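This briefing is meant to be read with the sequence and the coordinates at hand.

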Amino acid sequence: MTTTRMPRVERRAQLLATARLVFARTGYYQTAMTDIASEAGVTKPVLYQHFESKQDLYAAVLREVADRLSDTVLSAVATSTTTEERVRTGFAAFAEFVVCDPSGATLLLASANPIQDEQGERIGVEAEGSIVETIAALYVTGTELDHVIDFIIAGAIGIGETMARRWLASRRDVDAATLGRLMADQAISGVSLYSRNGAGTDTP
């Protein structure tokens with residue numbers, strides 16, 4: 001096999017992108033380093049120059065996807081001021097991410113981490129934590145809802161993840177804008193209902 005030479009940084013990015021597609025398509029255990037090397041158009045030694053093992057590569061893929069999702073959502077809400085505006089803008093960015101990168105979203109939203117050891121557990125916790133922190137950042141604190149904000153955030157995370165998984169499983173004719181709006185509507189309705197019932201006066 002003739003491997004096209006490429007700067008190290010570009011090669012690593014290419015290998016991560018290829019691995020993301022292959023892992024999402026065939027799963028962790030069904031994927032061999034040979035499969036990824038072949039699809040990337042490189043030899044296995046080239047792949048091992050960048051990643052020590054399949055687990056190391058899988059972890060790098062998850063971290064790259066998680067960091068990109070976080071940057072995408074937080075950049076989108078940077079100029080928003082109210083909770084409702086942040087939730088709507090943030091979920092719009094989240095939905096766009098899911099629709100535009102279904103392979104990355106599939107790996108990040110996997111219901112169970114496939115690597116059953118200490119490092120694998122840490123990888124799963126870090127990936128899940130990234131989603132939690134990203135969605136939690138949508139909510140403006142310092143309101144009368146603060147004493148239940150953890151529950152509100154947990155509900156919003158559940159809504160976002162569940163709808164994203166549903167879209168990934170069915171790929172129905174629902175575009176990113178519609179998906180994001182549905183996520184935001186559900187996330188906001190819970191806060192509004194809580195406020196209308198007299199538990200607080202702050203509305204999103």
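The points below are grouped by topic.

The structure is a predicted model, and its protein chain comes to nine helices and zero strands. Of the 204 residues in the protein chain, buried residues make up 43%. Among contacts in the protein chain with a separation of 6 or more, 69% are accounted for by residues 24 or more positions apart.

**Overall fold and core**

- Read along the sequence, the elements of the protein chain follow the pattern α-α-α-α-α-α-α-α-α, in keeping with the count of nine helices and zero strands.
- The largest nonpolar core holds 55 residues, and the members that touch the most other members are Phe23, Leu57, Phe91 and Tyr139.
- Helix 4 gives the most to this core, contributing ten residues.

- The buried residues of helix 1 are Arg11, Leu15, Leu16, Thr18, Ala19, Arg20, Val22 and Phe23, and what covers them includes helix 2, helix 3 (44-50), helix 4 and helix 6 (102-108).
- Just after helix 1, Gly27 takes a positive phi of about 90°.
- His50, which is found in helix 3, is buried, with a relative accessible area of 12%.
- Not counting residues up to four places away in sequence, His50 touches Arg8, Arg11, Arg12, Leu15 and Asp56; of these, Arg11 and Leu15 are among the buried residues of helix 1.

**Helix 8**

- Helix 8 (residues 149-170) has 22 residues and reaches 32 Å from its first C-alpha to its last, close to the 32 Å expected at 1.5 Å a residue.
- The buried residues of helix 8 are Ile149, Ile152, Ile153, Ala156, Ile157, Gly160, Glu161, Ala164, Trp167 and Leu168.
- Seen down the axis of helix 8, these buried residues fall within an arc of 160°, so they line one face of the helix.
- The exposed residues Phe151, Thr162 and Ala169 are carried on the face of helix 8 that is turned away from its buried side.
- Gly158 has its place in helix 8 and is partly exposed, with a relative accessible area of 27%.
- The C-alpha atom of Gly158 is separated by 10.0 Å from that of Met183, a residue 25 residues apart from Gly158 along the chain.
- Just after helix 8, Arg171 takes a positive phi of about 50°.

**Aromatic pairs and cluster**

- With ring centres required to lie within 6.5 Å, the count comes to five aromatic pairs.
- One of these is the edge-to-face pair of Tyr28 and Tyr58, at 5.0 Å centre to centre and with 70° between the planes.
- Tyr28 lies in the loop between helix 1 (8-26) and helix 2 (33-40), whereas Tyr58 lies in helix 4 (residues 54-76), so the pair ties together parts that are 30 residues apart in sequence.
- Tyr28 is buried, with a relative accessible area of 11%, and Tyr58 likewise counts as buried, at 3% relative accessibility.
- Another edge-to-face aromatic pair is formed by Phe91 and Phe94, with 6.4 Å centre to centre and 65° between the planes.
- Phe91 and Phe94 are three residues apart in helix 5 (residues 83-100) and are thus separated by about one helical turn; both Phe91 and Phe94 are buried.
- Phe23, Tyr28, Tyr29 and Tyr58 form one aromatic cluster, and Phe23 is also one of the residues that touch the most other members of the largest nonpolar core.
- Lys54 lies over the face of Tyr28, at 4.4 Å from the ring centre.

- Ser70 lies in helix 4 and counts as buried, at 16% relative accessibility.
- Leaving aside its neighbours within four places in sequence, Ser70 is in contact with Ser130 and Thr134.

Technical notes
Residues are numbered from 1 along each chain as its sequence is written. This is a predicted model: local features need pLDDT of at least 70, side-chain atom pairs count only at pLDDT 80 or more; totals for chains, interfaces and linings use all residues. Side-chain values use heavy atoms; hydrogens and water are left out. Helices (H or I, at least four residues) and strands (E, at least two) are DSSP runs, numbered from the N terminus. The expected span of a helix is 1.5 Å times one less than its number of residues. Buried means under 20% relative accessible area, exposed over 50%, partly exposed in between (1.4 Å probe, protein chains only). The arc is that of the directions from the helix axis to the C-beta atoms. Rings of Phe, Tyr and Trp (its six-membered ring) pair if their centres lie within 6.5 Å; planes under 30 degrees apart count as stacked, over 60 as edge-to-face and the rest as tilted. A charge sits over a ring if NZ of Lys or CZ of Arg is within 6 Å of the ring centre and within 35 degrees of the ring normal. A nonpolar core is a set of buried Ala, Val, Leu, Ile, Met, Phe, Trp, Tyr and Cys residues joined through side-chain atoms within 4.5 Å. Contact means heavy atoms within 4.5 Å.
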